[in-house]
Amino acid sequence: MINIRPSWTTSFYLTIKFLRFSGKIIPTNTKSFRTITDIEIPTWAPILISGVNCVEMKHNIIDGEWIYPNSIHNYKTHSKYILYIHGGAFCLNKIGIYREFLYKVAKETNTVIFSINYRRSPEHKYPTPLND
């Protein structure tokens with residue numbers, strides 16, 4: 001019998017079990033681990049929600065992506081915004097792995113989302129990612 005915490009679904013329990021197991025066999029150096037965690041969904045991918053735009057901002061004060069539904073004509077002057085800071089403990093993941101989720105949120109809430117692409121450790125030492 002599976003001993004699941006009351007607030008956990010079976011799929012969440014299995015995910016945790018997999019992560020605990022894989023943590024024992026995955027290499028501990030960051031570069032090797034990132035080959036698994038940094039698989040981005042390209043903005044042209046067919047699995048992404050249609051009717052949503054994505055504008056990449058590079059070489060500005062902060063790199064990131066503006067994601068907004070087609071119904072919003074000018075994302076810079078819209079009235080509702082979400083600032084999305086992805087997880088990864090400032091060393092793993094890229095913003096592109098969250099695109100499908102952010103496309104759904106933007107479309108369902110009719111909101112403009114800015115997803116930050118902060119600089120990650122260990123290449124950028126503390127407090128660089130935090131300052132981003």
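Glu100 counts as partly exposed, at 28% relative accessibility, where partly exposed lies between buried, under 20% relative accessible area, and exposed, over 50% (1.4 Å probe, protein chains only). This is a predicted model, in which local features need pLDDT of at least 70 and side-chain atom pairs count only at pLDDT 80 or more, while totals for chains, interfaces and linings use all residues. Residues are numbered from 1 along each chain as its sequence is written, and side-chain values use heavy atoms, with hydrogens and water left out.

**Salt bridges**

- A search of the whole structure finds 2 salt bridges, each defined as a side-chain nitrogen of Lys or Arg within 4 Å of a carboxyl oxygen of Asp or Glu.
- Glu100 pairs with Lys104 in a salt bridge whose closest N and O atoms are 3.9 Å apart, and both residues lie in helix α3, 4 residues apart, or about one turn of the helix; helices (H or I, at least four residues) and strands (E, at least two) are DSSP runs, numbered from the N terminus.

**Nonpolar cores**

- The largest nonpolar core has 11 residues, including Ile41, Leu48, Ile67, Tyr84, Leu102 and Ile113, a core being a set of buried Ala, Val, Leu, Ile, Met, Phe, Trp, Tyr and Cys residues joined through side-chain atoms within 4.5 Å.
- Helix α3 gives the most to this core, with 3 residues.
- A second, separate core has 8 residues, among them Ile72, Tyr75, Ile116 and Tyr118.

- Arg5, Lys17, Arg20 and Lys24 form a positive surface patch, for which residues need over 30% relative accessible area and no salt bridge, with like charges joined within 9 Å.
- Arg119 is placed in the loop between β4 (112–116) and α4 (128–131), and Arg119 is partly exposed, with a relative accessible area of 40%.
- From C-alpha to C-alpha, Arg119 and Lys94 are 9.7 Å apart in space, while in sequence they are 25 residues apart.

Methods. Patch = residues over 30% accessible without salt bridge, like charges linked within 9 Å, V, L, I, M, F, W, Y side chains within 5 Å. Areas by Shrake-Rupley, 256 points an atom, 1.4 Å probe, with all protein chains shown as cover. Lys, Arg positive; Asp, Glu negative; His and termini not counted. Charge placed at Lys NZ, Arg CZ, Asp CG, Glu CD.
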